[in-house]
Structure formats: C-alpha cells, structure tokens
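Me: I have a new structure open here. Can you walk me through what I'm looking at?

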There are 2 protein chains.
Amino acid sequence: MSLLCGGPVKGLLCDITGVLRESSSTDDGIPIPGSIEAITNLEKNGVKCKYVTNESQCTRADLHAKLLRLGFCMPEESIMPPALAAKQYIKQNNLRPHLLVHPNVLPDFEDLSKDDPNCVVLGDAVDLFNYENLNTVFRLIKEKNCEFISLGKGKYYREDGSLTLDVGPFTAGLEFACGKEAVVCGKPDKQFFKAGWESMNLSCEEVVMVGDDIISDVGGAQKAGIRGVLVRTGKYTSADENHDQVKPDLIVDNLAALADIIIAHNKTFS
Amino acid sequence: MSLLCGGPVKGLLCDITGVLRESSSTDDGIPIPGSIEAITNLEKNGVKCKYVTNESQCTRADLHAKLLRLGFCMPEESIMPPALAAKQYIKQNNLRPHLLVHPNVLPDFEDLSKDDPNCVVLGDAVDLFNYENLNTVFRLIKEKNCEFISLGKGKYYREDGSLTLDVGPFTAGLEFACGKEAVVCGKPDKQFFKAGWESMNLSCEEVVMVGDDIISDVGGAQKAGIRGVLVRTGKYTSADENHDQVKPDLIVDNLAALADIIIAHNKTFS
C-alpha cells in the first residue's frame with residue numbers, strides 16, 4: 001500500500017465531481033463505488049470532511065439535494081462552492097455584478113444589485129458561452145473597466161463520458177483579450193482552500209486535499225501549502241501520473257482507498 | 001514631424017482593417033481618410049506595399065473585391081491573409097483539417113480533404129464560436145491529438161464602433177484547456193511577417209510594418225526584427241501610447257501621415 005507523508009490527517013478537503021460521483025448532464029450522476037462508505041468511514045474515525053467544489057452549474061442547496069439522493073450524508077454547510085465565495089467577495093467590495101453563469105446558479109446571486117454593473121462574474125455557463133455573451137462581458141471588462149471575477153480555473157471535466165470545457169478556458173481567453181487577471185473564487189485559488197481548512201478549525205499541515213484534477217485540485221492544494229492527493233477516477237487520465245508540473249503527494253485508485261490509507265496513517269500516531 | 005529611425009524604407013507591410021479602412025459587419029466599411037492616396041503616393045515614390053492581414057472572415061478574392069469597391073487599387077496577390085498561409089502549412093504537412101472558421105472563408109480550404117481530421121483550424125468564426133463547436137475542437141485537440149492551427153492571435157478589433165473579440169482569445173482559451181500551443185498562421189507569427197518582406201525581395205531592415213494593433217502588429221513586427229509603426233486609427237486607444245510591453249518605433253495619426261514621413265525619410269538618403 002502507498003504511504004502518505006506528514007502528520008496525522010484531521011481533515012479532508014474533498015472534491016465532489018470525479019471523486020464522490022461521476023457527472024452527468026441529465027441526472028444526478030452516479031456515486032463512485034465505495035465513496036459513500038469512505039466518507040462515513042473517515043468521519044467515524046474522527047476525520048472531518050469539507051467539500052471544496054468548483055461546481056457552478058447549480059446552487060449549493062441543489063447540489064446538496066443531489067448528493068443526498070445519491071446516498072451521501074453531509075450537512076449542506078460542509079459544501080463550499082465558488083458562487084458563495086464570490087458573493088462574499090462582491091458584498092465586501094460593494095460590487096454590482098453582471099452574471100455570465102449557469103441559469104441554475106442564479107438564485108445564489110438573487111439578492112445582489114445588478115444595475116449599472118461594475119464587475120463581471122464568469123461561471124460554467126455551458127450553452128450560454130456564445131459569441132454575443134462573451135463579447136458583452138469582454139466589453140464590460142475592457143471598456144467599462146469592470147472587475148473580473150471567475151468561479152474557478154478548471155480546464156475541463158468529464159460529463160456523460162466526454163471531456164467538456166470548464167470555465168477556466170473562457171477565463172483564460174478573456175484575461176488574454178483584456179490584459180487583466182481575473183479574481184478567482186474557487187480552486188486553485190489559495191484563499192479558497194484556506195477557507196476550507198479554517199472552517200474546520202485546522203491548520204494547513206493537518207489537512208489533505210483530494211481531487212481528480214491534477215492542476216486545479218492537486219497542484220492548487222500544494223501551492224496553498226497542503227498535501228494533494230490524486231484519484232484515478234473522474235477525469236483522471238494515465239498521463240497525469242507523470243505530469244511535468246505537478247507531482248501528487250499520493251495517487252490512489254479512488255476515495256475508498258484513500259480513506260483506508262488515511263485511517264491507517266493516523267493509527268501510526270496513536 | 002516625428003522621425004523614423006533606420007535606413008531607407010523600400011517596402012511597407014500594411015495592415016488592412018483599422019489602417020486602410022474602418023470595419024463594418026454589414027458592408028465593406030469605409031476608407032480611412034487619406035489612406036487611398038497614401039498607398040498611391042508610396043508606390044509612386046518606389047515603396048512597395050504588401051497587405052499583411054489577419055482577416056479571416058472572407059476569402060482573399062472577396063477581401064480584394066471589397067477594397068477595390070472602396071477605391072483602393074492593388075493586385076490581389078499583394079494581400080496576405082492567414083488562411084492561405086494555413087493552407088500551405090496543411091498541404092506541406094499532409095494534414096486533414098477540421099475547420100472552425102467563418103463560413104465566408106471556407107472556399108479557401110475547399111480542395112483539402114477533411115475526412116478523419118488530424119488538425120484543427122481556428123479562425124474568426126464569430127457566431128460559430130459557441131459552446132458546442134468549441135467543445136468539438138477541444139476534444140479533437142485533447143483526445144484525438146489533432147494539431148492545432150490558429151489564424152492569428154489578435155485580441156480584438158473594432159467593428160461598427162464596438163470592440164469585438166478576435167480569434168486570439170479563443171486560441172488562448174483552447175491552448176489553456178489543452179496544454180498545447182497553437183501553430184499561428186498570421187500575425188504576430190514571425191514567419192508570417194518574414195513571408196511578407198521576402199515576397200517583395202527585401203530584407204528585414206528595408207521594411208516597416210504599420211498597424212493599429214499594438215501587440216500583434218507593432219510588437220509582432222519588432223519581434224520579427226523589423227520596424228513597427230502604430231496608427232491612431234482603427235482600434236487604437238490612447239492607452240497604447242504608453243504600453244508597458246511594446247514601444248512602437250513611431251506613432252502616427254494615420255497612414256497618410258506615415259506615407260509623408262517615409263517619403264521624406266527616404267529623401268534624406270538620396
């Protein structure tokens with residue numbers, strides 16, 4: 001069995017899609033075998049879990065309901081989506097957003113003023129990523145000098161078996177066009193991970209991040225100063241094993257295997 | 001009057017949109033005042049002209065016809081659009097393209113085999129830049145390992161008075177998603193400028209490039225080893241005067257002013 005380095009793991013920051021469940025555009029997806037039991041197992045053994053997701057296709061309440069229907073059991077507050085981080089940022093900075101996001105995530109921004117926008121929020125807008133909408137946000141950023149907030153820099157995800165463009169490439173394209181970096185509310189932003197471990201009252205050396213995105217989940221976690229574990233589920237491909245930029249602290253077949261490793265690892269300290 | 005440095009100018013590489021004419025989506029656009037006479041004036045004074053354009057919304061023949069209707073007078077062969085450079089590259093490398101380009105430019109690729117594509121050509125596809133089409137090219141590059149050819153890296157242009165996204169941001173977004181650099185057939189690719197001055201049988205120190213794009217035209221030309229002049233027409237904005245990366249060899253009000261400067265400059269050597 002592979003080994004984890006570092007001290008005992010008191011908290012797990014866990015990606016959702018590709019780790020807990022495989023994604024689908026038409027239904028809730030399916031749980032990845034063993035992942036429901038893995039979460040129960042970890043919590044029973046005193047390892048806290050927070051779900052750091054770049055999911056920006058639905059509200060947190062909807063995402064939570066989906067996970068419950070799949071058989072998972074966690075409080076809604078344990079899920080940390082980027083929309084809520086963005087909303088907090090918008091409120092703190094007195095911003096009025098123009099939204100190019102998935103229609104399902106609009107309720108998360110419902111109570112914000114959107115007149116005369118002075119910022120743009122870009123989420124995983126899927127079919128709304130069209131030339132007209134992209135030109136609208138481009139002009140707001142470039143000509144009206146609106147602040148540019150992105151709900152993540154993930155490159156792609158796997159949905160219904162196909163790789164599908166995430167919000168990251170559209171963020172990168174607009175950054176290139178405008179010569180301006182986006183404020184990223186979501187992985188791989190360091191603040192986003194930090195909010196995760198702080199919400200569990202833990203320090204960086206006490207937590208591990210697990211995800212299927214070698215760059216955004218694993219590389220992002222490592223840059224934020226925590227251990228990053230890659231699962232061989234979700235959008236993982238074998239090329240990730242020898243990535244030229246990111247070397248995971250551990251690569252495991254799935255979340256169930258990681259839960260076993262963490263529990264065994266923690267026992268070596270007791 | 002501002003002065004040009006360097007030796008006599010025997011050839012001008014001239015951008016089209018924003019230098020010869022202002023662009024419009026609905027008609028041929030309008031000539032920029034003085035530009036028709038400037039070209040006549042330059043040629044009468046022995047300065048050869050080639051038109052290096054990233055225009056990828058129509059065939060060369062159509063673009064030439066538009067310019068003639070506006071009152072310009074040049075042979076079709078003097079116009080160098082990226083589609084023809086891409087076609088040459090595709091033929092040389094025995095590639096079969098999947099095209100995401102403007103429908104009007106399709107005739108330029110008519111005689112190429114497109115079965116079982118092993119490369120993607122991305123042009124200024126305007127309304128065809130939608131989520132479905134972008135996912136298709138993303139999967140071809142990422143999963144089928146197709147070569148990625150882009151018809152330019154221009155960020156935006158001005159059309160009907162508005163800044164509008166060019167092919168560059170979509171290229172940058174797909175490069176980010178795929179972790180793979182595009183082969184750029186068009187400005188600011190060095191080979192593209194070089195083909196321009198070589199077609200006039202001139203060397204790099206004998207030519208000047210003029211354009212309204214501080215990065216792609218002026219910066220690109222300078223990186224290719226030739227003088228780069230910025231015009232205060234087209235998509236120029238006053239912020240370009242103090243750009244943090246590119247310092248033009250000269251900034252002029254328009255092409256007419258540049259023609260006068262070049263002719264006067266050349267006389268100092270006679």
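Me: What average pLDDT does chain A have?
Reply: Chain A averages a pLDDT of 94. In chain A, 99% of the residues score at least 70. Keep in mind that this is a predicted model.

Me: And what are the ipTM and pTM?
Reply: The model scores an ipTM of 0.81. Its pTM is 0.82.

Me: OK, the fold. How many helices and strands are in chain A?
Reply: Chain A has eight helices and 14 strands.

Me: What box do the C-alpha atoms of chain A fill?
Reply: Roughly 60 × 40 × 35 Å, along the principal axes. The radius of gyration of chain A is 18 Å, which agrees with the value near 18 Å for a compact globule of 270 residues.

Me: How much of chain A is buried?
Reply: Buried residues make up 51% of the 270 in chain A.

Me: Switching to the contact. How many residues does each chain put in?
Reply: Chain A gives 25 residues and chain B gives 25 residues. On the chain B side, α4 (131-142), β10 (162-165) and α5 (167-178) each give two or more.

Me: Which of those gives the most?
Reply: α5(B), with eight residues.

Me: What classes of residue are on that side?
Reply: The side of chain B that touches chain A has 14 nonpolar, six polar and five charged residues.

Me: How are the two copies related?
Reply: A 180° rotation with 0.0 Å of shift along its axis superposes chain B on chain A, with an RMSD of 0.0 Å. The copies are therefore related as by a two-fold rotation axis.

Me: Which surface do they meet through?
Reply: The same one, because 100% of the interface residues of chain B are also interface residues in chain A.

Definitions and conventions: Residues numbered from 1 in each chain as written. Chains lettered and ligands numbered in written order. Predicted model: local features only at pLDDT ≥ 70, side-chain atom pairs only at ≥ 80, totals over all residues. pLDDT = per-residue confidence, 0-100. Contact = placed C-beta atoms within 7 Å. Helix = DSSP H or I, 4+ residues; strand = E, 2+ residues; numbered from the N terminus. Nonpolar A, V, L, I, M, F, W, Y, C, P; charged D, E, K, R; others polar. Least-squares fit on C-alpha atoms with pLDDT ≥ 70 in both. Rg over C-alpha atoms; globule rule 2.2 N^0.38 Å. Buried ≥ 20, exposed ≤ 12 C-beta atoms within 10 Å, placed from the backbone.
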